[in-house]
Amino acid sequence: MEELGPQAHANDPECGQRPVPALSHHGSQRVVLLQTATLLGVLLLGYGYFWLLVPNPEARLQQLGLFCSVFTISMYLSPLADLAKVIQTKSTQCLSYPLTIATVLTSASWCLYGFRLRDPYIMVSNFPGIVTSFIRFWLFWKYPQEQDRNYWFLQT
């Protein structure tokens, strides 16, 4: 009888179980954890700053808008960190096409919404999402992704 469940392929090196490494044994995972903790610390400091040190609600709202705009712009610019790798390897394997489509639709929607409200914090912070999406679309056109042979039959 065929065994089912997690132990079904335990002896197969291609798809068998592998132990989950402890976080402390891998430097790259430790770096990611440290970066995440740092960003959470920045958010908590920002929250404390806006609610404790800025008593004027109007000034708080203006500064919070600027704070959020900086984070939104950095989010939209982050995929461009792979730009040098894409150009060097002439491959877009490290970029996500569905994420690019979602980014252009989302950022364009927010820009239109900000335009209707005449809110520069919404418009300006989401415009880089449109620009970076078109840069990634150009990269997908210039360096098309290779089809994954394992899923070729499923894409009919």
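Colleague: Starting with C68, how does that cysteine count in terms of accessibility?

Modeller: This is a predicted model, and in it C68 has 40% relative accessibility, so C68 counts as partly exposed. Buried would need under 20%, and exposed over 50%.

Colleague: And C94, what does that one come out as?

Modeller: C94 is at 31% relative accessibility, so C94 lands in the partly exposed class.

Colleague: How many disulfides do you count?

Modeller: Zero disulfides, with the rule used here.

Colleague: What goes on at the start of α5?

Modeller: There, a side-chain oxygen of D119 comes to within 2.9 Å of the backbone nitrogen of Y121.

Colleague: Which residues of α5 are buried?

Modeller: Quite a list: I122, S125, N126, P128, G129, I130, T132, S133, R136, L139 and F140.

Colleague: And what do those buried residues pack against?

Modeller: Three helices: α2 (57-77), α3 (83-89) and α4 (97-117).

Colleague: Let's take α2. How do the axes of α2 and α5 sit relative to each other?

Modeller: The two axes cross at roughly 5 degrees and come within 9 Å. Angles under 35 degrees count as roughly parallel, so α2 and α5 are roughly parallel to each other. On the α2 side the contact is made by Q62, G65, L66, S69, T72, I73, Y76 and L77. On the α5 side the residues are Y121, V124, S125, N126, P128, G129 and T132.

Colleague: What about α4, say S107: buried or exposed?

Modeller: S107 lies in α4 and has a relative accessible area of 0%, so S107 is buried.

Colleague: Which residues does S107 touch?

Modeller: Leaving out residues up to four places away in sequence, S107 touches Y76, N126, G129 and I130. Of those, N126, G129 and I130 are among the buried residues of α5, while Y76 is one of the α2 residues in the contact with α5.

Colleague: Another serine, then: where is S78 found?

Modeller: S78 is in the loop between α2 and α3. Its relative accessible area is 43%, so S78 counts as partly exposed.

Colleague: What does the S78 side chain reach?

Modeller: The backbone oxygen of M75, at 2.8 Å.

Colleague: And how many residues separate S78 from T132 along the chain?

Modeller: They are 54 residues apart, with their C-alpha atoms separated by 9.3 Å. T132 is also one of the buried residues in α5.

Technical notes
Residues are numbered from 1 along each chain as its sequence is written. This is a predicted model: local features need pLDDT of at least 70, side-chain atom pairs count only at pLDDT 80 or more; totals for chains, interfaces and linings use all residues. Side-chain values use heavy atoms; hydrogens and water are left out. Buried means under 20% relative accessible area, exposed over 50%, partly exposed in between (1.4 Å probe, protein chains only). Helices (H or I, at least four residues) and strands (E, at least two) are DSSP runs, numbered from the N terminus. Contact means heavy atoms within 4.5 Å. A polar contact is a pair of N or O atoms within 3.5 Å; within protein, one must be able to donate a hydrogen and the other to accept it, and residues adjacent in sequence count only if both atoms are side-chain atoms. A disulfide is a pair of cysteine sulfur atoms within 2.5 Å. Axes are lines fitted to C-alpha atoms, for helices over the stretch in contact, and angles run from 0 to 180 degrees between N-to-C directions. Angles under 35 degrees count as roughly parallel, over 145 as roughly antiparallel, 65 to 115 as roughly perpendicular and the rest as oblique.
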